[in-house]
Amino acid sequence: MKQPPRLAENFLKWFVAPHLLEPIQGDLTEEFYYQLKTVGYRRASMLYWCGVLGFFKPRYIQRQSGLNSPSPLFSHPMIRNYFKVATRHLLRNKTLSFINILGLSLGMTFALLIGMWVYFETSFDSFNKNGERVALVMKHTLMNDQKNTSSSLMMPVYDELKNNYPEIKHISRLDWGSTHSLVSKNRKFKKQGYYVDPDFLRIFTYPIIKGNAETALREPNSIVLTESLADAIFGKVNPIGKVIRIDNKYNIQVTAVMQDVPTNSSLDFEYLAPFEFKVQNDPDVKGSQTRWNNSFIGTVVEVNEGVSMDALSKKISPMLAGRDPYIKTQTLSLYPMGRWHLYDDFKDWVNTGGQILFVRLFGIIGAFVLLIACINFMNLSTARFEKRAKEVGIRKAIGSQRRQLVIQFLAESLLTVFLAFFLSLVLIQLLLPFLKDIGFENIQFDFTNGSLWAAVLGVCLMTGLLAGSYPALYLSSFLPVKVLKGILQQGTGTVNFRKTLVVTQFFISIMLIIGTVVIFQQISHVRSRSIGYDLDNLITLDASEDLVKNYDALKYDLLNTGYIASVAKASSGMTWVNNDFTHFSWEGKDPGSAVTINVVMTDWDYEKAAGLKFIAGRSFEKRYATDSTAVILNESALKLIGYKEPIGKTMKLGDQDLTIIGVTKNVLMQNPFSHVKPGVILFNGGNVNAILIRLKDQADLSKAIAAMQPVLNKYNPSLPFEYRFADEEFGKKFRIANQVAKLAGIFACLGIFISCLGLFGLAIFMAERRSKEVTIRKILGATVTNLWLLLSAEFVWLVAIACILASPITFWVMTKWLQTYEYHIEIQWWIIPAAAMAAILVALFTVSFQAINTASLNPAKTLRS
Amino acid sequence: MNRSYLGEFEEIILLAVAVMDGRAYGVAVMHEIMEQSGRVARLNQVHSALQRLEEKGMVRSALGEPTAERGGKRKKLFTVTAYGQRTLREIQEVRTSFWDRLVNPFKLSISE
């Protein structure tokens, strides 16, 4: 028998409101068969089509509203019901819910913190309006057969660029920041500021609060203060036009006040002064204006709109060729502002990466941790699947639709996720203060930032849907008949997936544990290395002009306090080196080699103040007039020069002969992770940057400081009394290494915690699965200990597999990492079994809780169901 | 006139439902009208008229048994309510009173 046209019928079914459909469909069909008999199939079909289309009217299309519709998925009472049931479930399994929420919120806290950090790092310098047209000029040189890149330039470069390159719109020199004393009436400050050209405020669009950016730096004797510095100096008084005495020598006038430099600025300063001021008042700078061999200024340019940065960079590249006879290979390039912060590393003259590596790495780790937390959440949700399965069966049997069940499970996971989210907000607030020293000092959760909230809530929603998707789709697919009959088996696939997950998590955790231990060992190894001088009781003062001028009197007075053993002046303190000279030569030096040697310039008593240890010879002494041309080597320098009997031999500095009078043990002044570089001590009391003060061994520190204070106030009237301890300064060299160690430690703890969560979920799942088996074993005489071993062994195996996989890889990675340091430890073999044992113990502890719980259940209860 | 307004087509449908006495459903009503009045009625028009009548409370509906020629779908059977009957009678009375007052009834005996 012929049928009504299928397409028309389906179309009708699709558009007609369900509650009207049946009689209409029936009538049309009846009419079709009537027409079929009277006019034939073709006409009947056509009439059927006409009939169907006749019903294509709003009256028939509009769906029935109200409670009687067949699928009220999102009606108010249903939504309330979803959340009511979800809350009841959370409350029923308090332990599980707590662990679940805690695990997820830790993952979220971590991901959010990293997200905030990544956002901060990528926002650097973005406040500058002309940012994409601003660049720093970089200099690439070939020295000691090494390709070096530096932002220090010679002064004539500025004039060349300014006068001969029309592509450049604005250009400014800057010294790389220096601290100066600022005095107004009786208020003394020591602050970091930049000397810059007037264009600086046009290139960088720092907001000016008072005064005029165009004219602020035009007069040499002017200064632009940041808001907080202006407040500190002048309080509520309007600072414009006020006079400040700088370096206790010059009076300069405040011409503008700018907002404080944002924390996400690559340049950091508290005031700006005109570079011309430096040119006028510093004879060295003045003399360098036309010198092509003295690099000490930075140059920043803003190009005209439409100018290609790359093209200009190529154009300026050969400017330095042939300018300095000592350095044959020297080129320039432009380094765009957008790369300053994230791409801060140059390797072989090429701007490679730097910070961006960490941004990417941590971004990936953050996403990964969140993902693992989500998977654990899914696992824990499905672990009690048998119980939930029965619920699903009954719900379905009494008429629940699959869609309603899916929404039910999603509502549960969303509720959990949002609870976890609020917990993580609390955690972030609690944790941030502890993260200050690992790069989080400028990061805070800004509760007023709408887009941040949108992003965060978006992530929450995503997490909730992702984490809830598996239980929602999987559990809701159960057939009620099977579930209620009790024949329900989860495939081995999911079990294997869980096992793989646990192995992966422990794999990562073990790597992190071993890594952390190795990093800590490396740091403590370097901290305890021999440094060639005495760190304790050594105080360093920054040399100001006044101190240098009054040095002899200062030294006399300080020694007279009775607390101080010796005082010396030097071109650099013990924890840094200011000068490298290239023009040393000696007998047997390869004329083609370019070698730099660290130079410290000092006069008498340096060895006493620093506590140097001599291997041979002596230090400078007043009774030898010839010491003015004497030189003291360190071991590395001696090795480089290669003299067998060095004392009394000579070497040359340019054309000047120097007599070697002593050799010291290597003094570690620079990077503690590197070998000590060749260094010499020259007799020159004219270049002073630091004053070293050695306290007597038994001196009471606070009394010594109290005794020093009036002496320093007397000879250094324009500066506050500030001093540094050498051991603290030395400790600062480990700042980054300590950060890495701390981060690795945090990652390791988090990794272990999350791994244990995964294991815990698996343990619950297995315990539930094997509860009947365990009971029967118990009835047949197994003790709780037997059962505990039985249930735990499986998991210990998983962790052991993770250990076996992780050990060689970690060993390789950490060996590679250590090799990036010249001075490093070898990895001790016992670390690996120790870390493995620790992981296994933690895992055993996690599992035992569940295993013993299951093993001690009353058999009657388990078997009754 | 305080009763609901009834359109001409609705009135015919209502009459048809009354005449069919419990056997009235969409297609049947349509055929009845076509047979009795010779005018062409479309199914969707019949359905919407029946729907409107039901909304006005003049007919009441109930689902019947499914039959094979309807593809297993049930009929929606309509019966006239008391209100519907009263309305029909009122319309009839109004018309009769007008006819009675007609002075020259057009010699309407043409058909005879």
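This is a predicted model: local features need pLDDT of at least 70, side-chain atom pairs count only at pLDDT 80 or more; totals for chains, interfaces and linings use all residues.
Student: Which residues does A:Leu432 contact, leaving aside neighbours within four places in sequence?
Tutor: A:Leu432 is in the loop between α15 and α16 of chain A. Helices (H or I, at least four residues) and strands (E, at least two) are DSSP runs, numbered from the N terminus. Contact requires C-beta atoms, placed from the backbone, within 7 Å. With those sequence neighbours set aside, the partners of A:Leu432 are A:Phe440 and A:Gln444.

Student: What is the C-alpha separation of A:Leu432 and A:Ile443?
Tutor: These two residues lie 11 residues apart along the chain. Their C-alpha atoms are separated by 8.0 Å.

Student: How far apart are the end C-alpha atoms of α16(A)?
Tutor: Helix α16 of chain A covers residues 450–475, 26 residues in total. The expected span is 1.5 Å times one less than the number of residues, so it should be 38 Å. The model agrees, with the ends apart by 37 Å.

Student: Where does α16(A) bend?
Tutor: The bend at a residue is the angle between axes fitted to the seven residues ending there and the seven starting there. In α16(A) this angle is about 40°, and the proline A:Pro471 follows within four residues of the bend. Both A:Gly468 and A:Pro471 are among the buried residues of α16(A). The bend is at A:Gly468.

Student: At what angle do α15(A) and α16(A) cross?
Tutor: Axes are lines fitted to C-alpha atoms, for helices over the stretch in contact, and angles run from 0 to 180 degrees between N-to-C directions. The contacts include A:Phe409 and A:Phe421 in α15(A), and A:Gly468 and A:Pro471 in α16(A). The two axes come within 8 Å and cross at roughly 145°.

Student: What is the handedness of that α15(A) and α16(A) crossing?
Tutor: A crossing is left-handed if the near helix is turned anticlockwise from the far one by less than a right angle, and right-handed if clockwise. For α15(A) passing α16(A), the crossing is right-handed.

Student: How are α6(A) and α15(A) oriented to each other?
Tutor: Helices α6 (residues 94–122) and α15 (residues 402–431) of chain A have axes that come within 8 Å and cross at roughly 55°. Angles under 35 degrees count as roughly parallel, over 145 as roughly antiparallel, 65 to 115 as roughly perpendicular and the rest as oblique. The crossing is right-handed. The pair is therefore oblique.

Student: What is the phi of A:Asp125?
Tutor: A:Asp125 sits in the loop between α6 and β1 (134–143) of chain A. A:Asp125 counts as partly exposed, with 19 C-beta neighbours inside 10 Å. Although not a glycine, A:Asp125 has a positive phi of about 65°.

Student: Which element gives the largest share of the side of chain A that touches chain B?
Tutor: In the interface, 16 residues of chain A are in contact with 15 residues of chain B. On the chain A side, α2 (18–39) and α3 (41–54) are the elements that give two or more residues. The largest share, 11 residues, comes from α2(A).

Student: Which helix of chain A do the buried residues of α2(B) pack against?
Tutor: The buried residues of α2(B) include B:Val27, B:Met30 and B:Ile33. Within chain B they pack against α1 (8–20), α3 (43–56) and β2 (74–80). From chain A, the partner is α2.

Definitions and conventions: Residues are numbered from 1 along each chain as its sequence is written. Chains are lettered from A and ligands numbered from 1 in the order in which they are written. A residue is buried if 20 or more other C-beta atoms lie within 10 Å of its own, exposed if 12 or fewer, and partly exposed in between; C-beta atoms are placed from the backbone. Two residues are in contact if their C-beta atoms, placed from the backbone, lie within 7 Å.
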